[in-house]
Amino acid sequence: MPFARLATATTPTCHIGLGLAAVGRPGYINLGRDQDLGEDRSVEALRARTHELLDAAYAQGVRYFDAARSYGRSEEFLAGWLAERPGLDDIVVGSKWGYTYTAGWSTDADTHEVKDHSLATYERQRAESGALLGDRLDLYQIHSVTPDSPALTDKELHARLAEAAADGLTVGFSTSGPAQADAIRAALAVTVDGEPLFRTVQSTYNALETSAGPALAEAHDAGLTVIVKEGMANGRLAGPHAPAVLREIAERTGLGCDAVALALVLRRPWAGVVLSGAATTAQLASNLHAAVVDLDDDQLARLATLAEDPRAYWERRGQLPWH
């Protein structure tokens, strides 16, 4: 597995990855986006910003980079950065298929992405990802699997994914929604010729949404690498929006609310990689302080009181506007 490369890394930040959802396209649901990106959301402006973030992340020990077909031009931006740095052989590159970006580089499109987990979409998007990333693509994930996803039962799709795995591509899946735990457990049961199909799982887990934790522990015990996304709850755990408990603990540590929120996730023994979704280099630097945050039992107990009912959490997330 490509994530074995991270096992030999010794930097404190090697288990923090950089996700490109916030910078690969002009519109996204993160809070504070207008302040983060400003008015210039041109392709070249976001390309330059993405490359700046990738440079800063690599320089500070980050070795996993995460894109998706639906993150606008994230794969294109990442591919361009890699092409200019052919000697980088110690990183892991992941992307996702299953959503098609439909916003046409607009922030006010009626529909920003369309979900389709069919074999036809996999074949089309696998070719698109391959054309951009080539053999630099280490991990290909089904994007946002839910318990009713046809990707969990489509045997022909499973066979094609197994062929890709036999050719050296690591196959994984991500989850979303209030029933993440059910989706994870269903995916763990998927086999091809008696062998488990999936080698990684990427799920939402943060101080507000902890419901997937037990299932992620099961996935880890089954040998999957666990990647955690949305550790900042789309900005709800960032300074201006953070709950009072989180702000108080952050003040005591002398670091940002974001660092404390991500540190909480990093403490989970099953968390292999925790993603930063930073849109600025300052945010990235603050996020990376999570690696040195030390939380005591009392602080952990106080943070545990922030957990919401998953249905309420995902309803709130679904109401966040695209900025």
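In helix 4, the buried residues are S74, E75, F77, L78, A79, W81 and L82. That makes seven of the ten residues in this helix, which spans residues 74-83, so helix 4 counts as mostly covered. Keep in mind as you explore that this is a predicted model.

**Around helix 4**

**A closer look at T50**
- You will find T50 in helix 3.
- Is T50 buried or exposed? T50 has a relative accessible area of 1%, and because buried means under 20%, T50 is buried.

**Where helix 9 meets helix 10**
- In general, a pair of packed helices is described by the angle and the distance between their axes.
- Helix 9 (residues 244-253) and helix 10 (residues 257-266) pack at about 100°, and their axes are 8 Å apart.
- Angles of 65 to 115 degrees count as roughly perpendicular, and helix 9 and helix 10 are therefore roughly perpendicular to each other.
- On the helix 9 side, the contact is made by L246, R247, I249, A250 and T253, while helix 10 brings C257, V260 and A261.
- The residues of this contact between helix 9 and helix 10 comprise six nonpolar, one polar and one charged.

Terms used:
Residues are numbered from 1 along each chain as its sequence is written. This is a predicted model: local features need pLDDT of at least 70, side-chain atom pairs count only at pLDDT 80 or more; totals for chains, interfaces and linings use all residues. Side-chain values use heavy atoms; hydrogens and water are left out. Axes are lines fitted to C-alpha atoms, for helices over the stretch in contact, and angles run from 0 to 180 degrees between N-to-C directions. Helices (H or I, at least four residues) and strands (E, at least two) are DSSP runs, numbered from the N terminus. Angles under 35 degrees count as roughly parallel, over 145 as roughly antiparallel, 65 to 115 as roughly perpendicular and the rest as oblique. Contact means heavy atoms within 4.5 Å. Ala, Val, Leu, Ile, Met, Phe, Trp, Tyr, Cys and Pro count as nonpolar, Asp, Glu, Lys and Arg as charged, and the others, Gly among them, as polar. Buried means under 20% relative accessible area, exposed over 50%, partly exposed in between (1.4 Å probe, protein chains only).
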